[in-house]
Amino acid sequence: QVHLEESGGGLVPPGGSLRLSCELSGGDSRRYAMAWFRQVTGKEQEWIAAISWSGGTTHYANSVKGRFTISRNDAENTVYLQMNDLKPEDTAVYSCSADENYPFPNGGDYWGQGTQVTVSS
């Protein structure tokens with residue numbers, strides 16, 4: 001059974017940076033396209049970035065384009081989300097998802113538990 005685990009969240013001031021990691025276990029990450037989502041309590045989940053199986057194709061939501069970068073290292077079964085120039089409105093729980101199809105803007109077959117990112121001075 002595929003398991004996803006996020007790490008790297010925390011408290012950062014506006015304008016700061018964080019790098020989130022999502023490690024896939026129980027399977028070969030090369031089989032899966034990966035994506036990051038975020039959710040604020042009481043609001044709908046928002047898709048923010050996705051990367052294809054080989055990493056050759058990426059897509060970003062307009063809200064993060066130019067500030068966030070998704071990447072993957074299949075040797076480590078890990079996908080990353082580098083977040084720069086963070087803003088208070090980026091505060092949310094960030095979750096990764098995996099699916100054998102690409103893209104999957106509504107979520108994949110597998111989900112992590114999420115990691116909290118708080119942007120505040």
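**Exercise 1.** How many bridges join strand E1 to strand E3, and in which sense do the two run, parallel or antiparallel?

*Solution.* Keep in mind that this is a predicted model. Start by finding E1 at residues 3–7 and E3 at residues 18–25. The two strands run antiparallel, with 5 bridges between them. As a landmark, look for glutamate 5, which sits opposite glutamate 23 of E3.

Next, follow E3 to strand E8, residues 78–83. This pairing is also antiparallel and spans 6 bridges. Within it, serine 21 has tyrosine 80 of E8 as its bridge partner.

**Exercise 2.** Find the disulfide and work out which parts it ties together.

*Solution.* The structure holds 1 disulfide, and it joins cysteine 22 to cysteine 96 with an S to S distance of 1.9 Å. Cysteine 22 belongs to E3 and cysteine 96 to strand E9, so the link ties together parts 74 residues apart in sequence. Finally, both cysteine 22 and cysteine 96 are buried.

**Exercise 3.** Which side chain of opposite charge is nearest to aspartate 99, and how far away is it?

*Solution.* First locate aspartate 99 in E9, which covers residues 92–99. Aspartate 99 is buried and has no salt bridge. The nearest oppositely charged side chain is that of arginine 31, 9.9 Å away. A salt bridge would need the charged atoms within 4 Å.

Technical notes
Residues numbered from 1 in each chain as written. Predicted model: local features only at pLDDT ≥ 70, side-chain atom pairs only at ≥ 80, totals over all residues. Heavy atoms only, no water. Pairing = 2+ DSSP bridges. Helix = DSSP H or I, 4+ residues; strand = E, 2+ residues; numbered from the N terminus. Buried < 20%, exposed > 50% of the residue type's maximum accessible area, 1.4 Å probe, protein only. Lys, Arg positive; Asp, Glu negative; His and termini not counted. Disulfide = S-S within 2.5 Å.
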